[in-house]
Amino acid sequence: MPAVRLVRWAVITASLASVALPACVARGPVGRPAREARPVLPVLFVRPVGHQSHGEAEGSYAPLSMLVTPSAGLLSNTTLTEGVPPSLAKGARYVERSNVLRLPSGRWKYLPADRTGSAVVALDDARARVQIAQSRAWLAAGRVPGSSPDQRAAAGRALLTMRALLRPNGAMAAGWTPGWMYSWPRDSSFASAAFAHTGHDAEAYRILRYSAATQRRDGTWEARTKLDGSGPPDGRRWQLDANGWVPWSAWQWYRTAPLSDRHARLAALYPMIRKAADRAAASLGTDGLPPASPDYWELMTTTANIGTAAPLLAGLNASADLAREVERPDDAARWAAAARRLSSGISRKFAPLGYQRTIDGRHGRDSAVAFMAPPFNAAPADLPGALDATYEALLLPNGGLTPGNDPTAPWGGNAWTPSTSFFALAWAGTGKTAKAGQVLDWVLSKRNSLGELPEKVDRAGRHSSVAPLAWTGSITVLALVALDGGALPTPPLRTRP
């Protein structure tokens, strides 16, 4: 997350396989000055035993700044963003439906439009009130989902947070703490879909344009890019699931876009979609499945994994449908045929195992089983049982989920809010609204004092790691939309040529 950032910089223990890596200073993201050079220290990277990891930082360098205290909230003027440290967040709160912070003293802290840093002003400062009004107008121009005041407040906060993390060039920062200040295609695709389904067409499309601009020549994407779009910040291995997520998000945008010009704007995106879908189709083996690839855990597996196969199925179906919209029948037929092959391969290899993480059955249950449900894929008949079994297997005493129960992956007792939220979205999409609501209630109960959704929840049930996290916010918004008005649309699987 930030590919859930499931693998963490940690103190090494004798029981875990590890790799020692040097540290260096990374260049600051766009809109923020580069940090001064600092002394470097060795950093230890923990790799779960049994994985062929090319994920978190293998062969690369990590900024010492990753060891700083994560953010707790955001100030933003929609062009620049500034993190709110936990020390400042204590006793503070946002002015309702804004990114202006009311301090314990009663004064306001915000990021003025003409400043590169925040300012503390008197209560009811005129310029701050203009920014508050602009934030409220932006929310009102779209849709804030939720069936209760608390849900709507959480959705509004998540949307404002996503807006604050979105750069003018369309890069979507995963979070606003060093190590998360990059744009992942996966997280960005969810954010684009969430913007699209809440009526924020410009933001949704801006993300898709950034995805088009950063696509590699071979049709794939880097695992993440710097926020200025200049390339990856490290040598981690690219992840094939982006070839599913990006076309899927383009399809979700198209379904919601204004009819007046959506066809012309889709035409501008179509070269990206064609390259992505062709690469996805070409990746399928004789068994109909993609090759082993790092998944959203950012860990390599030795066989195909569900966290790659399911998004690619969604992306191929989405691409085929979009090809029909732009009257490219040959493309549509080719990608639909590939989707049928992939669907058949998933049915043969993953379904008998309850859609576990890998087809060799050696890596346990995986929260990515939810990617087989709407709004990604039409749910197979046996999916409800697999969802239930996986949820029970991954449920922790604190009420949230671990991403998986792979016996070689020591995730410990921390729950991950994106992995937990997957099930709210999947159950909402399959008509299990009561189950979806229970999961959402848990996730929303873990917001921090500013109402931001954290990446993790510790054993004691306290929010942990980065807050806010764009991916969790996006999934939560999509689940609330689905619960509000029925299931979100799902790319169709064409069962016949």
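Me: What is a cavity, and how many cavities of 30 Å³ or more does the structure hold?
Reply: A cavity is a set of grid points where a 1.4 Å probe fits but cannot get out. The model searched here is a predicted one. The number of cavities of 30 Å³ or more in the structure is 4.

Me: Which helix gives the most residues to the lining of the second largest cavity?
Reply: This cavity has a volume of about 80 Å³ and is lined by 13 residues. Ser183, Pro185, Tyr210, Ser211 and Thr214 lie nearest its centre. Two helices, α4 (185-197) and α5 (201-214), each supply at least two residues of the lining. The one that gives the most, with 4 residues, is α5.

Me: How many residues in the lining of the second largest cavity are charged?
Reply: The lining can be sorted by class, with 6 nonpolar and 6 polar residues. The number of charged residues is 1.

Me: Are α4 and α5 roughly parallel or roughly antiparallel?
Reply: The axes of α4 and α5 come within 7 Å and cross at roughly 155°. Angles over 145 degrees count as roughly antiparallel. Therefore α4 stands to α5 as roughly antiparallel.

Me: Is the crossing of α4 and α5 left-handed or right-handed, and which residues of α5 make the contact?
Reply: The crossing is left-handed. On the side of α4, the contact is made by Ser188, Ala191, Ser192, Phe195 and Ala196. By class, the contact has 6 nonpolar, 2 polar and 1 charged residues. The residues of α5 that make the contact are Glu203, Ala204, Ile207 and Leu208.

Me: What angle do α4 and α6 pack at, and are the two helices roughly parallel or roughly antiparallel?
Reply: Helix α6 covers residues 242-256, and its axis lies 9 Å from that of α4. The two pack at an angle of about 10°. Angles under 35 degrees count as roughly parallel. So α4 and α6 are roughly parallel.

Me: How many residues in the contact of α4 with α6 are nonpolar?
Reply: From α4, the contact includes Pro185, Arg186 and Phe190. From α6, the residues include Trp245, Trp248 and Trp253. The contact has 6 polar residues and 1 charged residue, and the number of nonpolar ones is 9.

Me: Which element gives the largest share of the lining of the largest pocket?
Reply: About 420 Å³ of space lies in this pocket. Of its 18 lining residues, the closest to the centre are Glu96, Arg97, Arg152, Ala153 and Arg157. Elements that give two or more residues are β5 (93-94), α2 (126-140) and α3 (149-165). The largest share, 6 residues, comes from α3.

Me: How many charged residues does the lining of the largest pocket have?
Reply: By class, this lining has 8 nonpolar and 3 polar residues. The number of charged residues is 7.

Me: Which residues of α13 make the contact with α3?
Reply: α3 passes α13 in a left-handed crossing. From α3, the contact is made by Gln151, Ala155, Ala158, Leu159, Met162 and Leu165. By class, the contact has 8 nonpolar, 3 polar and no charged residues. The residues from α13 are Ala470, Gly473, Ser474, Val477 and Leu480.

Technical notes
Residues are numbered from 1 along each chain as its sequence is written. This is a predicted model: local features need pLDDT of at least 70, side-chain atom pairs count only at pLDDT 80 or more; totals for chains, interfaces and linings use all residues. Side-chain values use heavy atoms; hydrogens and water are left out. On a 1 Å grid over the protein atoms alone, a cavity is a set of points where a 1.4 Å probe fits but cannot get out, and a pocket is an open set with protein on both sides within 12 Å along at least five of seven lines; lining residues have an atom within 4 Å of a point. Grid points are joined across faces, edges and corners, and a volume is the space filled by probe spheres set on the points. Ala, Val, Leu, Ile, Met, Phe, Trp, Tyr, Cys and Pro count as nonpolar, Asp, Glu, Lys and Arg as charged, and the others, Gly among them, as polar. Axes are lines fitted to C-alpha atoms, for helices over the stretch in contact, and angles run from 0 to 180 degrees between N-to-C directions. Angles under 35 degrees count as roughly parallel, over 145 as roughly antiparallel, 65 to 115 as roughly perpendicular and the rest as oblique. A crossing is left-handed if the near helix is turned anticlockwise from the far one by less than a right angle, and right-handed if clockwise. Contact means heavy atoms within 4.5 Å.
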